[in-house]
Amino acid sequence: MKVKKRNFEALMNGDLTFVIHKVDKFYSAGDRLVLFETDGGNETGRSLTVRITYIMHAEDSMGIKDDYCVVSVKRSGKNTRTNVGNRPASEDEAVEYAAKLGKSADCARRFYNYYSMTGWKMKSGLPLSDWHAALRNWKDFQGTQKTPEQAETDSQLELLLPMLLKKTAGLAKQKEKLVFHDPHIGTVLQFYGFDRLEYPFNAFEVREMVKHYATSKKLGTGCPQMRSPNPYGKGTLQVPTIEEFSAILQKKKGDKTEG
């Protein structure tokens, strides 16, 4: 339901405890409403979730038109959400953040134009709570063509990353701490945890794992070292990069062939 800015502020502060609307939907006590703030007819991006406590119709009181009703509402604690700053200040800000992610300027513009048309709302009708996360997960179908080099790199990651992490999780039980030559691998291990890596990943999960690794790399975040799950372990496990791990496997394969 759309609510004018002045009334929205009063609802936020608790000074206003009801809304009036046309009887065009079958609301009942206990239902939750999402109220969208408007200013000059345009939505501001802020929303508030409230619970209906009582509905008064024309037959219940004088002064209410036949096709309208008064809906008593109450803010519902942690179910209340106000979205502020859920959109970039400009297209340039979206382009700047996309560059940090390794996404193109055209991708950022398509993202910005799409959500500008939706009023910065998700498919559910609720406003975006975090446009940065939305851009990180944006599926840019017009820009998903991969070069042969990119396709080969992704294939290598999908093959080697799960193997490296599983091997690392197994060896870590004997050590005190881990040092990552590539801190982005540390981030992925931190995300999944040692126990999860004892079980195999399906193809979809492997792609998600690679996506976590790629996102960490684009954002420049990483975990250079961490404690092992063994409180009694000794020494440090040096975790190689993907390239180093690939070279180790190739060497072992060559040694077996010679033997």
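## Close-ups of a predicted model

**View A. Phe111, Tyr114, Tyr115 and Trp138 are joined into a cluster by ring pairs.** Here, rings of Phe, Tyr and Trp (its six-membered ring) pair if their centres lie within 6.5 Å; planes under 30 degrees apart are stacked, over 60 edge-to-face, and the rest tilted. This is a predicted model, so local features need pLDDT of at least 70 and side-chain atom pairs pLDDT 80 or more, while totals for chains, interfaces and linings use all residues. Residues are numbered from 1 along each chain as its sequence is written, and side-chain values use heavy atoms, with hydrogens and water left out.

**View B. Tyr114 and Trp138 make a tilted pair.** The whole structure holds eight aromatic pairs. In this one, the ring centres of Tyr114 and Trp138 sit 5.5 Å apart with the planes at 50°. Tyr114 belongs to helix 3 (residues 105-117), and Trp138, 24 residues apart from it, to the loop between helix 4 (131-136) and helix 5 (148-172). Helices (H or I, at least four residues) and strands (E, at least two) are DSSP runs, numbered from the N terminus. Trp138 is buried at 17% relative accessibility, while Tyr114 is partly exposed at 31%. Buried means under 20% relative accessible area, exposed over 50%, and partly exposed in between (1.4 Å probe, protein chains only).

**View C. Tyr115 also pairs with Trp138, again tilted.** Their centres are 6.1 Å apart, with 55° between the planes. Tyr115 lies in helix 3, so this pair ties together parts 23 residues apart in sequence. Tyr115 is buried, at 11% relative accessibility.

**View D. Arg109 and Glu91 meet in a salt bridge.** A salt bridge is a side-chain nitrogen of Lys or Arg within 4 Å of a carboxyl oxygen of Asp or Glu. For Arg109 and Glu91, the N to O distance is 3.4 Å. Arg109 sits in helix 3 and Glu91 in helix 2 (residues 91-101), 18 residues apart. Both ends are partly exposed: Arg109 at 33% and Glu91 at 25%. Asp106 joins Glu91 and Arg109 in a network of salt bridges.

**View E. Lys173 and Glu198 form another salt bridge.** Their closest N and O atoms are 2.7 Å apart. Lys173 comes from the loop between helix 5 and strand 6 (177-180), and Glu198 from the loop between helix 6 (183-192) and helix 7 (203-219), 25 residues apart. Lys173 is partly exposed at 42% relative accessibility, as is Glu198 at 39%.
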